[in-house]
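Hi,

Here is the structure I promised to pass on. Have a look, and my notes on its aromatic rings follow below.

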Amino acid sequence: MVVTCDDKDKQAIDMLRYPCLIVEVLSPSTEAFDRGKKFTRYRQSTTLQEYVLIKSDEIGVECFRRNDEGLWVLHTYGEGDTLNLESVGIEIPVEKLYRRVRFDVGEKN
């Protein structure tokens, strides 16, 4: 999910160029890329304020937020926590992100 706060993106059709928030759901096959090269590219955006990674194999959210000095600070959220998305002024209980998710519990014997 990508959210823009910039009027220049109002007419965008295929791609937003000035995101303030990007949210990714991690999968085992893309996690390394999402955390590495993709985030390296995203950090070059002057408008991006938050990059959120949502785990798919367990309850857990990581929010990388740019601080006033321009440094990226990691904020982790787990069960019982409320995710604070400062860039868009939204708070959401982490459990709501997983409300219809079933985790694999392994094979039954």
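A quick word on terms: rings of Phe, Tyr and Trp (its six-membered ring) count as a pair if their centres lie within 6.5 Å, with planes under 30 degrees apart called stacked, over 60 edge-to-face and the rest tilted. This is a predicted model, where local features need pLDDT of at least 70, side-chain atom pairs count only at pLDDT 80 or more, and totals for chains, interfaces and linings use all residues. Residues are numbered from 1 along each chain as its sequence is written, and side-chain values use heavy atoms, with hydrogens and water left out.

By that rule there are 5 aromatic pairs. One of them is F39 with Y51, which is stacked at 4.8 Å centre to centre and 20° between the planes. F39 sits in helix α1 (residues 31–42) and Y51 in strand β3 (residues 50–54), 12 residues apart; helices (H or I, at least four residues) and strands (E, at least two) are DSSP runs, numbered from the N terminus.

F39 is buried at 5% relative accessible area, and Y51 is buried at 0% (buried is under 20%, exposed over 50%, partly exposed in between; 1.4 Å probe, protein chains only).

F39 also pairs with W72: the centres are 5.5 Å apart and the planes at 80°, so this one is edge-to-face. W72 is in strand β5 (residues 72–77), so the pair ties helix α1 to a part 33 residues away in sequence.

Taken together, F39, Y42, Y51, F64 and W72 form one aromatic cluster.

Cheers
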